Structures are given as structure tokens and as C-alpha cells.
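Welcome! Please take a moment with the sequence and the 3D view before reading on.

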Amino acid sequence: WTDIGFIDRQGEGHKLKLPVGLPKTPGVYQIVANNVPVKLSQIYVGEGKDLSKRLRNYENAGYMPNEYARTNRRVQGWIFNCIESGYQVTISICTSAKINQPGKDSKVLQLADKHCRTLVESFVRASKGDLRFENK
């Protein structure tokens, strides 16, 4: 995992400012709200064939409180509410992964393939059972 940086507010409304330097490569990402109370979700895990494009979808997704929202808007609202409540929200990415097999060479996962990204995404969710997930 590579830490990319913090998400912050930008301008008026619910617009967010993501860190610079997001890669245009396939991979998996974690958005983590640090030190939040139990009632708030703490992590969102996703995947994309172009991490920069996928993550930029959250910057100005059009979140409107008290209205049904699809994933981009819901995640934008969750991030915004965490920041407004005084919690730091960070992004980490994984652009390379492998499976270690006992007695065999490790196998590099081709993250350009959606099924490989989904495998890594599912593993992250399974391995972080102590955290509450925003994407339930």
C-alpha cells in the first residue's frame, strides 16, 4: 500500500480536494477516516482501472444531504461529513499485488483485470474486520 495523502474541502458546497499525483494505473484504493467514533464508518474500499479518474469522481459528485445518492455522491457525502466533524481522511492505493502460495512461487496479480482488483478489494474487506465499512 502507498499512502497518497489527505482529502480536504475545496471551495463552497460539498466539493472535495484530493491529493495531487494520483496514478492513472489500475488498482485498489482505501479511503480511511481516522479516529472516528463507532457510529461513523471508518473505511471505504474500491477499485478502478484508472485510479486517478475513479478517485476524482468523488471530488464534485453532487452530494446533497437528505437525498438518495448513488455511490459517488454517497461516498463524497461521507468524506465531507467526516472532514466537517474534524476527522482526517486519507487515501492509500495498491497498484501491485501477488498471491503467496505455500511451496510455490508467488503469483503476480494482473490488476488490469477487474477480477484481480475485485479479489484484492475483497481481501482487504475480509482482513479488516475490526473496522466499519462505508461500502456495506
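## Helix α3 and its neighbours

Which strands do the buried residues of α3 pack against? The partners are β3 (27-33), β4, β5 (89-94), β6 (97-99) and β7 (107-109). Please keep in mind as you read that this is a predicted model.

The buried residues of α3 are C116, R117, V120, E121 and V124. Looking down the helix axis, you would find these buried residues within an arc of 140°, so they line one face of α3.

## A salt-bridge network at E47

Salt bridges come next, and the count is 4. Three residues, E47, K114 and R117, are joined in a network of them. Between E47 and K114, the N to O distance is 2.3 Å. This pair connects distant parts of the chain, with E47 in strand β4 (residues 43-48) and K114 in helix α3 (residues 114-127), 67 residues apart.

R117 also forms a salt bridge with E47, here with 2.6 Å from N to O. Again distant parts of the chain are linked, since R117 belongs to α3 and E47 to β4, 70 residues apart. Are R117 and E47 buried or exposed? Both R117 and E47 are buried, and E47 has a relative accessible area of 12%.

## A bridge from β1 to α2

Another salt bridge joins R9 and E84, whose closest N and O atoms are 2.8 Å apart. R9 sits in strand β1 (residues 2-9) and E84 in helix α2 (residues 71-84), so the pair ties together parts that are 75 residues apart in sequence. R9 is partly exposed, at 33% relative accessibility. E84 is partly exposed as well, at 44%.

## Helix α2

Now for the rest of α2. V75, Q76, G77, W78, I79, F80, C82 and I83 are buried in this helix. The buried residues of α2 pack against β1, β2 (16-17), β3, β4 and β5.

How far apart are the end C-alpha atoms of α2? They are 20 Å apart, which agrees with the 20 Å that the 14 residues of α2 should span at 1.5 Å a residue. Just after α2, G86 has a positive phi of about 95°.

A pair of aromatic rings is described by the distance of the centres and the angle of the planes. This structure holds 3 aromatic pairs. Y44 lies in strand β4 and Y58 in the loop between α1 (51-56) and α2, so the pair ties together parts that are 14 residues apart in sequence.

## Cysteines and a threonine in β5

How many disulfides does a search of the whole structure find? The search finds 0 disulfides. A disulfide is a covalent bond between the sulfur atoms of two cysteines. For C94, the closest cysteine sulfur is that of C116, and at 11 Å it is too far for a bond. C94 is buried, with 8% relative accessibility. C116 is buried too, with a relative accessible area of 10%.

Finally, take a look at T90, which is in strand β5. T90 is buried, at 18% relative accessible area; the cut-off for buried is under 20%. Leaving aside residues up to four places away in sequence, T90 touches G5, F6, Q30, I31, V32 and N34.

Conventions
Residues numbered from 1 in each chain as written. Predicted model: local features only at pLDDT ≥ 70, side-chain atom pairs only at ≥ 80, totals over all residues. Heavy atoms only, no water. Salt bridge = Lys/Arg side-chain N within 4 Å of Asp/Glu carboxyl O. Helix = DSSP H or I, 4+ residues; strand = E, 2+ residues; numbered from the N terminus. Buried < 20%, exposed > 50% of the residue type's maximum accessible area, 1.4 Å probe, protein only. Arc of directions from axis to C-beta. Contact = heavy atoms within 4.5 Å. Disulfide = S-S within 2.5 Å. Phe/Tyr/Trp six-rings, centres within 6.5 Å; stacked < 30°, edge-to-face > 60°. Expected span 1.5 Å × (residues − 1).
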